[in-house]
Amino acid sequence: MTGLLLVTADDFGLTDGVNSGIVRAHVDGVVTSASLLAVGSAYDGAVELARRTPSLAVGVHLAAVGEDPPLLSPAEVPSLVGASGGFPLSYRSVLRSAALGRLDPCDVRREFRAQIERVRGEGLTVTHLDTHQHLHLWPVIGRIVVDLALEYGIPAVRLPRSHRHSPLGLGVRALAGALATRLAAAGLRYTSDFAGLDEAGALDLAMPRVLAGLARRGRPTAELNAHPGEAGDGLHDRFAWGYRWEHELAVLCDRTLPARIRAAGFTLASWSDLADGEGIP
């Protein structure tokens, strides 16, 4: 049996170099979908590229974390911002606020709705939702993302997973199981396997292991999450994530990769190719 592999590039709209890297990884490589960051400083450029590249499926990369400010004013979403008026830099800060009861779900809902409406207002078809730094694994935020997917008729939501044998990996798997139950109950589409969370920013180094793992698990659908980008636009100076954007771009455009994906038992697909009822077998 041949499965479907969705290769999604995150952070479309983060910088011009990420934008051009994502489009190149689609045109010359294996990327089939992109997740658009509505708060990104290069958002307008990403929208223009998306319009010129209709074969690239586009979802919304909902953000409540990162260096960019929210779309709404700090007065409208006070529990999401710090003294500077911007999002906290790390998901840990958001989850700490949620655990302490300081995160107002109404603020999250308002901001996420504004981000979805901004992308929809561009005339783009939104194929899926996911979140910056996978925040929707947290139940309070996941519930909001599911509600908004249903409200706007967006058929699919990312289900991140970890395959690490570690406390963090166990925690991610537990949260992913709860999110899968919620997605299935809502009738939303999601893939039955996922790779890229454990390898974030260094997928190029892990690609042989990732493909071997996908082949071994043999699920009918899988998402491979990537972060390609062009070198030279200050990514490494601006973001201290240790990501290897240009190296991921190179491996995603490697001419041998499509054959390796086929050998792992998959054909390339995008979010729009998922069928109703898709999920964990």
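Student: In strand S4, which residue is the bridge partner of Val60?

Tutor: In this predicted model, the bridge partner of Val60 in S4 is Leu129.

Student: Where does His136 lie, and does it count as buried or exposed?

Tutor: His136 sits in the loop that leads from S4 to helix H5, residues 139-152. Because its relative accessibility is 1%, His136 counts as buried, the cut-off being under 20%. If the neighbours within four places in sequence are left aside, the residues in contact with His136 include Asp130 and Thr131, as well as Ile141, Gly142 and Val145, and also Val157, Arg158, Pro160 and Leu179.

Student: Which polar contact does the side chain of Ser79 make with another side chain?

Tutor: The side chain of Ser79 makes a polar contact with the side chain of Asp107, at 2.7 Å. The Ser79 side chain also reaches the backbone nitrogen of Asp104, at 2.9 Å. Ser79 itself belongs to the loop between S3 and helix H3, the latter covering 91-99, and, apart from neighbours within four places in sequence, Ser79 is in contact with Arg102, Leu103, Asp104 and Asp107. As for Val94, which is 15 residues away along the chain, its C-alpha atom is separated from that of Ser79 by 9.5 Å.

Student: How far apart are Arg219 and Asp193 in sequence and in space?

Tutor: Arg219 and Asp193 are 26 residues apart in sequence, while their C-alpha atoms are 6.2 Å apart in space. Arg219 is found in the loop between helix H7 (203-217) and strand S6 (221-226), and a polar atom of its side chain lies 2.8 Å from the backbone oxygen of Ser192. With a relative accessibility of 28%, Arg219 counts as partly exposed.

Student: How many aromatic pairs does the structure hold, and why is the pair of Tyr243 and Trp245 described as tilted?

Tutor: In general, a pair of aromatic rings is described by the distance of the centres and the angle of the planes. The structure holds one aromatic pair. The ring centres of Tyr243 and Trp245 are 5.5 Å apart and the planes stand at 55 degrees, so the pair is tilted. Tyr243 and Trp245 are both buried.

Student: How many helices and strands are in the chain, and what is its radius of gyration?

Tutor: The chain contains ten helices and seven strands. Its radius of gyration is 17 Å, close to the 19 Å given by the globule rule for 281 residues, so the chain is as compact as a globular protein of that length. Along the principal axes, the C-alpha trace spans about 50 × 40 × 35 Å.

Student: What share of the residues counts as buried, and what share of the contacts joins residues at least 24 apart?

Tutor: Of the 281 residues, 54% count as buried. Among contacts between residues at least 6 apart in sequence, 77% join residues at least 24 apart. As for the surface, the chain exposes about 11,500 Å², of which carbon and sulfur atoms supply 54%.

How values were computed
Residues numbered from 1 in each chain as written. Predicted model: local features only at pLDDT ≥ 70, side-chain atom pairs only at ≥ 80, totals over all residues. Heavy atoms only, no water. Pairing = 2+ DSSP bridges. Helix = DSSP H or I, 4+ residues; strand = E, 2+ residues; numbered from the N terminus. Buried < 20%, exposed > 50% of the residue type's maximum accessible area, 1.4 Å probe, protein only. Polar contact = N/O pair within 3.5 Å; in protein donor to acceptor, adjacent residues only side chain to side chain. Phe/Tyr/Trp six-rings, centres within 6.5 Å; stacked < 30°, edge-to-face > 60°. Rg over C-alpha atoms; globule rule 2.2 N^0.38 Å. Contact = heavy atoms within 4.5 Å. Areas by Shrake-Rupley, 256 points an atom, 1.4 Å probe, with all protein chains shown as cover.
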